[in-house]
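This report describes the fold of a single protein chain, from its sheet to its pockets.

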Amino acid sequence: MAAMDEIAIALQGRNPEANRHRSWRVEAGRDLFGAWIVSVSFGRIGCRGRTFAREFGSEDEARAYVRDGLRRRKGAVRRCGVEYRVVDASPAAQPLLATVRLSRGHKPSEAPEPRHEE
């Protein structure tokens, strides 16, 4: 995990029949000046993907932003036909995950794909 280790969540969505293999990761924490920074990375598993960051004035605003992102991933089945599952989460992220109720781990029929670092 990066220096921002207060909240860290990694999700993956896989639908081999539709050739959809998605990754979504969020990290949130304070920077050196006390502002809350939320960094989001997403894309196809095994590819570089995209990353962006947003700054918030309070922890509550940052948590609300992360919660909204998790809710959007929960609704991905309806939008794009892939169910996101939690593959890694920090202890500080557990209350956020409890409000959204995402599944954990891979389905038994799915084996994790090897990671390709670029």
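In what order do the strands of the open sheet lie? The sheet has 6 strands in the order 4-3-2-1-5-6, and their pairing is mixed. Strand 4 (50–56) and strand 6 (103–104) stand at the edges with a single partner strand each, so one side of each has no neighbour in the sheet.

The model is a predicted one, in which local features need pLDDT of at least 70 and side-chain atom pairs count only at pLDDT 80 or more, while totals for chains, interfaces and linings use all residues. Residues are numbered from 1 along each chain as its sequence is written, and side-chain values use heavy atoms, with hydrogens and water left out.

**Overall composition**

The chain contains 3 helices and 6 strands, where helices (H or I, at least four residues) and strands (E, at least two) are DSSP runs numbered from the N terminus. From the N terminus on, these elements follow one another as β-β-β-β-α-α-β-α-β. Of the 118 residues, 37% count as buried; buried means under 20% relative accessible area, exposed over 50%, and partly exposed in between (1.4 Å probe, protein chains only). The chain exposes about 7400 Å², of which carbon and sulfur atoms supply 48%. Accessible areas come from the Shrake-Rupley method with a 1.4 Å probe, and for residues only the protein chains shown count as cover. Among contacts (heavy atoms within 4.5 Å) between residues at least 6 apart in sequence, 49% join residues at least 24 apart.

**Strand pairing**

Two strands pair if DSSP finds at least two bridges between them.

| Strands | Sense | Bridges |
|---|---|---|
| strand 1 (7–15) and strand 2 (20–30) | antiparallel | 9 bridges |
| strand 1 and strand 5 | antiparallel | 5 bridges |
| strand 3 and strand 4 | antiparallel | 7 bridges |

Within strand 2, V26 is the bridge partner of I9 and R25 that of A10. On the strand 5 side, L11 has V86 as its bridge partner. S39 stands opposite A53 in strand 4.

The hairpin of strand 1 and strand 2 has 4 residues between the strands, and N19 takes a positive phi near 60 degrees there. In the hairpin of strand 3 and strand 4, with 5 residues between the strands, G46 takes a positive phi near 90 degrees.

Helix 1 (residues 59–74) lies across strand 1, strand 2, strand 3 (36–44), strand 4 and strand 5 (84–89), and runs at about 15 degrees to strand 3. Axes are lines fitted to C-alpha atoms, for helices over the stretch in contact, and angles run from 0 to 180 degrees between N-to-C directions.

**The second largest pocket**

The second largest pocket has a volume of about 220 Å³. Of the 18 residues that line this pocket, W24, V40, F42, G69 and R73 are the closest to its centre. Strand 2, strand 3, helix 1 and helix 2 (76–80) are the elements that give two or more residues to the lining, and helix 1 gives the most, with 6 residues. A pocket is, on a 1 Å grid over the protein atoms alone, an open set of points where a 1.4 Å probe fits, with protein on both sides within 12 Å along at least five of seven lines; lining residues have an atom within 4 Å of a point. Grid points are joined across faces, edges and corners, and a volume is the space filled by probe spheres set on the points.
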